[in-house]
Amino acid sequence: MNGSDDDFERLFRSSYAELVRFAARRGDLGRAEDVAAEAFTVAWRRREDLPTRPGDARAWIFGIARRLLLAQRRTTADTAALRIRLASEPAEHAPGPEDGVLARSELARAWERLTAIHQETLALTVLDGMTSTQAARVLDISPVAYRLRLMRARRCLAAHLSSQPAGAPAPAGEICTSEGA
């Protein structure tokens, strides 16, 4: 801990754009920059808590942004499930051109069937490129608990992608509802 002003500046330079994308996928695209700016404002005030390792510092600032987004969601009485906008994702995270529009459409339908917890878990690893330890820090859970969530989320996504109709049972007793998250 005990990050310096230089550590804070490095964190800002290396993470600001990623934090804006993180906020955009989880909320109002128009407010993503505001959320990132507010997260860095909070981080500046708490810079003595800034982890010195870059990966830990990145997870720390993402955790701040996540809590701000959750608070924002509560104050606007938005009770809809957490959604990540796949349509606005860069092509590097989407199926390749050889997979075509059909595969992307199937992925989008499968994604929508995931619980908010499963979506967030997969997004932290796949879209935000975080390790289990870093993602666990964002969610304020243990790395072991995060890895279990990730395993369940992957199984549920695979089950939804395997052309099962809505409401079909999950594979081998896996629960793909909010109760099983």
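This is a predicted model: local features need pLDDT of at least 70, side-chain atom pairs count only at pLDDT 80 or more; totals for chains, interfaces and linings use all residues.
1. Thr125 counts as buried because its relative accessible area is 19%, and the cut-off for buried is under 20%. You can find Thr125 in helix H5, which covers residues 116–127.

2. Which residues does Thr125 touch, leaving aside its neighbours within four places in sequence? They are Met130, Tyr146, Leu150 and Arg154. With Tyr146 there is also a polar contact between the two side chains, at 2.6 Å.

3. Now follow Tyr146 and Leu150 into helix H7, where both are buried. H7 runs over residues 143–161, 19 residues in total. From its first C-alpha to its last, H7 reaches 27 Å, close to the 27 Å expected at 1.5 Å a residue.

4. Next, step back to the largest nonpolar core, which has 41 residues. Leu19, Phe22, Ile61, Ile64 and Leu124 have the most contacts inside this core. Two or more residues come from each of H1 (5–26), H2 (32–45), H3 (54–75), H4 (100–113), H5, H6 (132–139) and H7. Helix H3 gives the most, with 9 residues. As background, nonpolar side chains tend to be buried together in soluble globular proteins.

5. Finally, take a look at Leu19 in your viewer. What is Leu19 in contact with, once its neighbours within four places in sequence are left aside? The list is Ala36, Ala39, Phe40, Ile61, Phe62 and Ala65. Ile61 is, like Leu19, one of the residues with the most contacts inside the largest nonpolar core.

Key. Residues are numbered from 1 along each chain as its sequence is written. Side-chain values use heavy atoms; hydrogens and water are left out. Helices (H or I, at least four residues) and strands (E, at least two) are DSSP runs, numbered from the N terminus. The expected span of a helix is 1.5 Å times one less than its number of residues. Buried means under 20% relative accessible area, exposed over 50%, partly exposed in between (1.4 Å probe, protein chains only). A polar contact is a pair of N or O atoms within 3.5 Å; within protein, one must be able to donate a hydrogen and the other to accept it, and residues adjacent in sequence count only if both atoms are side-chain atoms. Contact means heavy atoms within 4.5 Å. A nonpolar core is a set of buried Ala, Val, Leu, Ile, Met, Phe, Trp, Tyr and Cys residues joined through side-chain atoms within 4.5 Å.
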